[in-house]
Protein chains: 2
Amino acid sequence: MTRDSYAAAGVDIAAGNEAVTRYQDVMRGWRHAGQLDQIGGFGGLFSLPGDSGRALAASTDGVGTKLLIAAELQRYGTIGADLVNHCVNDILVVNATPLFFLDYLAVGKLEPEIAAEVVRGCFEACKKHNCALLGGETAEMPGLYAEGHFDLAGTIVGLVDLADVPKKDDVVPGDAIVGLASVGLHTNGYTLARKLLDVQIFGDALLAEHPSYYDGVRAIQKVARVHAMAHITGGGLLENIPRTLPENVKAVCEQSRWEVPAIFNELVKRGELGHEERYRTFNMGIGYTLVVPLADAAKAIAAVRGAKVIGWIEARSGDEPRVVIHPARE
Amino acid sequence: MTRDSYAAAGVDIAAGNEAVTRYQDVMRGWRHAGQLDQIGGFGGLFSLPGDSGRALAASTDGVGTKLLIAAELQRYGTIGADLVNHCVNDILVVNATPLFFLDYLAVGKLEPEIAAEVVRGCFEACKKHNCALLGGETAEMPGLYAEGHFDLAGTIVGLVDLADVPKKDDVVPGDAIVGLASVGLHTNGYTLARKLLDVQIFGDALLAEHPSYYDGVRAIQKVARVHAMAHITGGGLLENIPRTLPENVKAVCEQSRWEVPAIFNELVKRGELGHEERYRTFNMGIGYTLVVPLADAAKAIAAVRGAKVIGWIEARSGDEPRVVIHPARE
C-alpha cells in the first residue's frame with residue numbers, strides 16, 4: 001500500500017491492517033463456545049445463553065477525530081448521536097435491534113456542563129431507537145488529554161434471531177446494490193479533512209450528524225428481500241461492501257447513479273485525491289448499502305427517500321478486485 | 001468538598017459528582033422498560049428479552065492514568081488484564097458471570113506490535129474468565145493523543161439470575177464486612193501517585209495487575225451467605241462500600257484488622273494525606289468487600305487467602321457518615 005494523502009495526514013491504514021492481523025494471531029487457539037462467526041466484522045455475535053435461536057450482537061466504536069472539530073468549534077450537541085447512530089448501523093448489518101448502549105467519555109479537565117451535553121446527545125439518540133443508555137464512564141485524565149480535548153467511544157448490544165442474520169451465500173450475480181444517501185463524512189476521514197478544509201468555514205458540513213439507517217433498512221425489509229448489508233465507514237465503499245459478500249462475486253458501482261455531496265468534491269479537489277483514495281477515505285455520498293434481488297430493487301428504493309440503485313453484483317474470478325467503481329464523466 | 005491533594009493533582013471529584021447529577025437530569029423522563037434498578041451503579045442491569053428471570057449486566061470502564069505509567073515505562077503487557085479484571089469485578093458486585101468483552105484502544109500513532117500486546121493482555125484475562133473477546137475498536141487519532149500516548153477502555157456484558165442479585169435490605173446491623181486484599185493501587189489514584197512517586201523506581205509496584213476477585217467471591221459464596229458486595233475503585237472504601245448498603249446502616253471498619261501495603265504508606269507520607277483523603281483516593285489494601293452474616297464470617301475468610309474481617313455493619317441514624325474507619329495506632 002502506498003503512503004497516500006491519508007497516511008501523510010497521520011492515519012496509517014497499513015498499520016491498521018497489520019494490527020488486525022496481529023490481533024487474529026493473539027486470539028488463535030481459544031474461542032468461547034458462544035461466539036458465533038462474524039459476518040463482516042461490523043458487530044460480534046454471541047449466542048444467547050439458553051436460547052439457541054437468538055444471539056446478542058455487540059459493537060464498540062469511537063467518534064474519531066471529528067471530536068477535534070467539535071472541540072475546536074465548542075459544539076458538543078451532535079457527537080453523541082454520531083456515536084450512537086454509528087453503533088446502531090454497525091449491528092444493523094447483522095440485522096440486530098438495539099437493546100442497550102454504554103458510553104465512555106474521557107477528558108483532560110472535566111467540565112460537567114459539556115459532559116452532560118455529550119451524554120444528552122447519546123441519550124436522545126438511544127431513546128429514538130428504544131435503546132437503554134444503560135451506563136457509562138466519565139474519566140478525567142489530566143496528562144493524557146489536553147485541556148478542552150476529549151475522547152468519546154461507546155458500546156452497543158442488540159438482539160437478533162439467528163434466522164434473520166444475512167447469509168453471504170444468498171448474494172448472487174445479478175443482485176442489485178441499493179445505496180442509502182450519506183449526509184457528509186459521518187465519522188470517517190476527518191484527519192484528512194482537517195488538513196484540507198478550514199474548520200471554521202466548513203463547520204456545519206463537517207459536524208453534520210452521522211445518521212441512523214435503522215428506520216430506512218426496516219422499511220426496505222418490509223418490501224424487499226435483503227441478501228447483505230454494509231455500513232460504509234472507514235475504508236469507504238471499497239473496503240466495506242466486500243465485508244459481507246462471498247469471495248466469488250464483486251460489486252460493480254457506477255458513480256453516475258448517485259450524487260456526490262459538495263463537501264467531497266471540495267475535498268477531492270483540494271487534496272488532489274485519486275480514485276482509489278477518495279473511495280477508500282470517504283463514503284462519497286453513500287452511507288449504507290443493501291444487496292437485494294434485482295426484482296425487488298424498485299420496491300426497495302421506493303421505500304426510502306434518496307435511496308438509489310448504485311450498482312449490481314457480478315461474478316468474480318481469480319484476483320479481480322472485489323469492488324469496482326466506474327467514475328462519472330466529469 | 002475541599003480541594004485536596006487529589007484535586008490539586010488535577011482530578012476534580014466535585015466536578016465528577018456534578019457531572020453525575022447532570023447525567024441523571026438528562027436521563028429523567030424516559031427509561032427503557034428492560035432497564036432494571038441499578039444496585040450501586042457498578043454495572044447496569046437489563047432484563048433478558050423473553051426471559052424474565054435473568055438479566056444482562058454491563059459495565060464500561062477505563063484504565064485511567066495508570067496508562068501513562070505503562071507508556072512511560074513502555075510496559076504494555078498488564079494493562080489489558082487491569083481493564084478486564086476491573087470490569088469483571090464491577091459486574092461481580094451484582095453477581096453476574098461474564099459472557100463477553102469488547103475493548104477500545106485509542107492511539108496517537110498506531111504501533112501494531114504494542115497494540116497487539118495490549119489486546120493480548122485483554123484476551124488472556126478474558127480467557128481466564130471464559131469470557132469471549134467479542135470485538136473491539138482500535139482508533140488512530142493524531143492530534144488527540146501525543147505520540148506514545150494511548151487510551152484503553154472496555155465494556156463487559158455478563159449474565160445473572162435475578163434471584164441471585166444481592167438485595168440491599170438483606171444487610172442488617174451485626175453483619176460482618178469481609179475484605180479481600182488488594183495488591184496495590186489497582187486502577188485508581190494514579191494521577192496523584194504520579195505526582196508523589198518516581199515512576200522509574202516504583203514501576204513494578206505501580207503496574208501491579210488489578211486482580212480479579214471472581215474466583216475468591218465464588219469460593220466464599222459456596223460457604224457463606226453474601227448480603228452485599230462492593231468493588232473498591234475510585235472513591236475508595238469511603239465511597240464504594242455505601243453504594244450497596246441501605247441508608248439505615250453504616251459500615252464501621254478498623255484499620256488494625258488489615259495490613260496496608262507499603263506503597264500506600266509511602267504515598268500517605270509523601271503527600272501528607274489526611275485520613276479522609278487517603279481512604280477516598282486509594283483502596284488502602286482492600287480491593288473488594290463482602291457483607292456476610294456474622295455466623296458465616298469465619299467460613300468466608302477461610303475460603304480465600306488473605307481475606308479478613310475488616311469491620312461490621314451498625315445501625316445508622318440521621319446524618320451519620322455511612323462509613324467510619326477507625327485508624328490504627330501509629
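This is a predicted model: local features need pLDDT of at least 70, side-chain atom pairs count only at pLDDT 80 or more; totals for chains, interfaces and linings use all residues.

Tutor: Residues are numbered from 1 along each chain as its sequence is written, chains are lettered from A in the order in which they are written, and side-chain values use heavy atoms, without hydrogens and water.

Student: Why is Lys250(A) called buried?

Tutor: Buried means under 20% relative accessible area, exposed over 50%, and partly exposed in between (1.4 Å probe, protein chains only). Lys250(A) has 10% relative accessibility, so it counts as buried. Lys250(A) sits in strand 9 (residues 249-254) of chain A. Strands (E, at least two residues) and helices (H or I, at least four) are DSSP runs, numbered from the N terminus.

Student: What makes the pair Lys250(A) and Glu320(A) a polar contact?

Tutor: The rule asks for a pair of N or O atoms within 3.5 Å; within protein, one must be able to donate a hydrogen and the other to accept it, and residues adjacent in sequence count only if both atoms are side-chain atoms. The side chains of Lys250(A) and Glu320(A) make such a contact at 2.5 Å. Contact in general means heavy atoms within 4.5 Å. Leaving out residues up to four places away in sequence, Lys250(A) touches several others, including Trp312(A), Ile313(A) and Arg322(A).

Student: What makes Asp204(A) and Arg75(A) a salt bridge?

Tutor: A salt bridge needs a side-chain nitrogen of Lys or Arg within 4 Å of a carboxyl oxygen of Asp or Glu. In this pair the closest N and O atoms are 2.9 Å apart. That meets the cut-off.

Student: How is chain A divided into domains?

Tutor: Domain 1 covers 31-163 and domain 2 covers 168-326. Such bounds come from an automatic or database domain assignment. The count between the two domains of chain A is one salt bridge. The count of residue pairs in polar contact between them is 17 (both at pLDDT 80 or more).

Student: How much area do domain 1 and domain 2 of chain A bury between them?

Tutor: About 2,600 Å², with 59% of it on carbon and sulfur atoms. Buried area is the accessible area (1.4 Å probe) that two parts lose on being put together, summed over both.

Student: How do you know that the buried residues of helix 10 of chain A line one face?

Tutor: In helix 10 (residues 262-271), Ile263(A), Phe264(A), Leu267(A), Val268(A) and Gly271(A) are buried. Seen down the axis of helix 10 of chain A, they fall within an arc of 135°, so they line one face. The arc is that of the directions from the helix axis to the C-beta atoms. An α-helix has 3.6 residues a turn, so residues three or four places apart point the same way. On the other side of helix 10 of chain A, Ala262(A) and Lys269(A) are exposed.

Student: Why is Gln35(B) called buried?

Tutor: Gln35(B) has 16% relative accessibility, so it counts as buried. Gln35(B) touches residues of both chains, among them Leu133(A) and Phe46(B).

Student: What lies between chain B and chain A?

Tutor: They bury about 6,000 Å² between them. In contact are 72 residues of chain B and 72 residues of chain A. The count of salt bridges there is zero.
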